[in-house]
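Work through the following exercises with the sequence and the model at hand. Each task is followed by a solution in steps.

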Amino acid sequence: MGQIWEGFEEALRLLFSGDAEVYQIALRSLWVSTLALTIAAVIGVPLGAALAQIRFWGRGGVVSLVNTGMGVPPVVVGLFVGLLLARNGPFGDLRLLYSNQAMVIAQLVIALPIVVGLSMAAIQHLDEGLRMQIVALGAGRLRTFWLLLREARITLMAALMVAYGALLSEVGAVQVVGGNIRGQTQVLTTGIVERMRSGQQATAIALGIILMLLVLGVLGGMTIIQQRSRRT
Amino acid sequence: MTTSGNTAATGRAGQAPVLAASEIRVVRAGSAIVAVDRFELPERTTHVLLGPNGAGKSTFLRVLNGLERATGRIWFDGREIASGRDRRALRRATAAVFQRSHLLATSVRANVEMGLRARGVRGEEAHARALRAMELVGVEHLAERGRDKLSGGEAQRVSVARALAIEPRVLFMDEPMASLDPPTRRSLLADLRSVIADLSIAVVWVTHDRDEAVAVADAVTFLSGGQVRQTGPAGDVFQRPRTTEIAHFLGLELYIDGEVVLDRGEARLVLADGTSIVCGEAEPGPSVGCLYPEDVVLFRQPPEEGSTSLRNIRKGTVTSIETLGRVRQVTVACGVLTLVATVTQAAVAELKLEVGSPVFAGFKASALHVLPRPPRRT
């Protein structure tokens, strides 16, 4: 028990003294996940919305693929991305394995099915009559699309929050493709794993607290934006 | 509202209809859900598409509005709608109000401006036009309100304002009253009638409600099973339904089997017991006479000769009194003839009507709508 308490004391000291390494790790986590989420949102939301509205041959297959993709364990994603980026793999020449870019790519692969799948559900959940009404009022394709996205904004925001939370707390993929290299590719989750293994429990606890605060802060902030958008 | 002397369904001489269609077919799963050979909508006319649920009315409206594709030809302002671009142009020149208001999650004002924005109208002009449209249907005081803070009737008014804001050449109304409660429906219906008359726009109005149709229609097309069963000026359709199906739908509850004979220039419907009823106009032959229950009048004593214009008066016995909303429906057995009359509660009390009471039931010759008897199903 005393050991845990000491750990907490040390953790708070590290947090408030502005320990450079701890903050560097936290920033890297935030940066990698935010970039992956942003790219996933830019590609995934329109893709999900399109999938919800456009009927084409093989759509059922694509939808199943997306929905299955939401459940693939991050470590498996890491494994495949790692194989693709490995020296002798098809993209080995890019020399991306064990880099921050590799972690962004892996997290993008994790986030994309979540964003596409939940965006599709959000748009499909809207009344079909609403789309007809918008079209009947003379809106073109792009405007219709934009108005529907705006109409589903609360659900879309929830989709992004789910994805963001998954990325920030994910450990398997960043471990495999990032390599958990101190000072280079170590993020909060992999940092905790390493510190625990090497007996630096205080630092592990400090990183854990930061991770919790980060997830709470980011998702809390998004929740505020989401709920504020209701009142218009 | 003009209900007579208007040849809406056939088009006024020399005036091109604003919207016309021919040989329209919509086929789903192998069966034609809409098969309309000819439709014309002159300017300043409200044409009601009337019929039971599943008659293809709404589908036909969506075809006319360019929302749904069909085989056949459509002309708007004399130009044929041939391509997807033409259909878009048709949608941009018209507006639609559906059963549900389908407002976006934003303010009333932004909703009303939506159609204008889609047409590139912005800023001051959009504000002014939206305000005018909101004033037309009396929702200007709700301008800054959010969608979630509107009642059903208010939301539907906003939906109408949104449609009127674009000053459409044709207004499409698809069961616009169907989700509203009766008082809300009555007040909106009254307002819409005056707005449509003031703006003198052409309207295609889909409904399955006879009273709503009576209130707004210049012309009526009765659809069932995707087919046009009768079309013409509203008065003609309501007064002279062509089939028992239409008559039944219009509320002509009562069916009297008989044979029409001409007796000294007067048509009479001869019943099974040899007695006869004086009809207005009718062709000789096996026929069905029908009556609106509100056209049947009840008396406690037989009215004196010459005191009434009712040509048909029969003595009978009350067999049932049913409550039907605010009125009572009284069934009277008069030999082979069973008559149904709709009367007020006050009249039931005044006439001291109860089951078993003797009573006299009468109706005008012109109130009897005589149709050729449909072939019997075996």
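A nonpolar core is a set of buried Ala, Val, Leu, Ile, Met, Phe, Trp, Tyr and Cys residues joined through C-beta atoms within 7 Å. A residue is buried if 20 or more other C-beta atoms lie within 10 Å of its own, exposed if 12 or fewer, and partly exposed in between, with C-beta atoms placed from the backbone. The model is predicted: local features need pLDDT of at least 70, side-chain atom pairs count only at pLDDT 80 or more, and totals for chains, interfaces and linings use all residues. Residues are numbered from 1 along each chain as its sequence is written, and chains are lettered from A and ligands numbered from 1 in the order in which they are written.

**Exercise 1.** Find the residues with the most contacts inside the largest nonpolar core.

Solution. The largest nonpolar core has 175 residues. Those with the most contacts inside it are A:Ala106, A:Ala111, A:Val115, A:Ala163, A:Val177 and B:Ala161. Helix α5 of chain A (residues 100-125) gives the most to this core, with 17 residues. Helices (H or I, at least four residues) and strands (E, at least two) are DSSP runs, numbered from the N terminus.

**Exercise 2.** Which side of α4(B) do its buried residues take?

Solution. Begin with the buried residues of α4(B): B:Ala126, B:Ala130, B:Ala133, B:Met134 and B:Leu136. They cover an arc of only 150 degrees around the axis, so they lie on the same side of α4(B); the arc is that of the directions from the helix axis to the C-beta atoms. The face turned away from this buried side carries the exposed residues B:Glu124, B:Glu125, B:Ala128 and B:Glu135. Cover for the buried residues includes α3 (108-118), α5 (152-165) and α6 of chain B. After the helix comes B:Gly138, with a positive phi near 70 degrees.

Methods:
Contact = placed C-beta atoms within 7 Å.
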